[in-house]
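Here's a quick tour for anyone meeting this structure for the first time. Have a look at it, then read on.

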Amino acid sequence: MGVMHVVMFSFKPLATPEEVQEVCDNLLALKDNCVHPETNQPYMKNIIGGVNTHMSEVQDRVTHAFVSEFDSDEDREYYLKTDPAYAAFWDGAKGIVERTEVVGFCPGKF
């Protein structure tokens with residue numbers, strides 16, 4: 001396994017179900033829309049996500065979670081800091097997403 005990137009959202013109270021679905025669809029589409037600047041090929045290995053099914057007081061308003069996988073820290077950092085498709089995603093989502101929590105990890109590395 002490579003480098004994992006977890007992002008969790010809560011949406012603004014007035015966000016419509018259609019707006020929430022669009023943000024989710026657009027985030028999942030980044031697997032194909034984010035291309036490596038040298039190879040011009042998609043570089044995200046995988047992305048999955050869905051609605052939070054464990055609603056309790058410890059989840060702190062998180063309603064949706066997504067896990068993406070990259071081959072390397074360099075790919076993940078390019079995604080987060082430079083990739084124009086990722087930046088465009090956030091330009092469209094910022095009026096709908098209220099709160100974001102992010103975690104990154106390498107499986108089995110403690």
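How many disulfides does the structure hold? The count is 0. Keep in mind that this is a predicted model.

Let's take the cysteines in turn. Cys24 is in no disulfide, and the nearest cysteine sulfur, which belongs to Cys34, is 16 Å away. Cys34 is in no disulfide either, with the sulfur of Cys24 as its nearest cysteine sulfur, again at 16 Å.

Now for burial. Is Cys34 buried or exposed? Cys34 counts as buried, because its relative accessibility is 0%. Cys24 has 9% relative accessibility, so it counts as buried too.

Next stop, a serine. Ser10 sits in strand β1, which covers residues 3-11. With a relative accessibility of 4%, Ser10 counts as buried. Which residues does Ser10 touch, leaving aside those up to four places away in sequence? They are Arg61, Thr63, Val97, Glu98 and Arg99.

Finally, an asparagine. Asn40 is found in the loop between α1 (17-33) and β2 (44-51). Asn40 is not a glycine, yet it has a positive phi of about 55 degrees. Asn40 counts as exposed, because its relative accessibility is 54%.

Here are the accessibility values side by side:

| Residue | Relative accessibility | Class |
|---|---|---|
| Cys24 | 9% | buried |
| Cys34 | 0% | buried |
| Ser10 | 4% | buried |
| Asn40 | 54% | exposed |

How values were computed:
Residues numbered from 1 in each chain as written. Predicted model: local features only at pLDDT ≥ 70, side-chain atom pairs only at ≥ 80, totals over all residues. Heavy atoms only, no water. Disulfide = S-S within 2.5 Å. Buried < 20%, exposed > 50% of the residue type's maximum accessible area, 1.4 Å probe, protein only. Helix = DSSP H or I, 4+ residues; strand = E, 2+ residues; numbered from the N terminus. Contact = heavy atoms within 4.5 Å.
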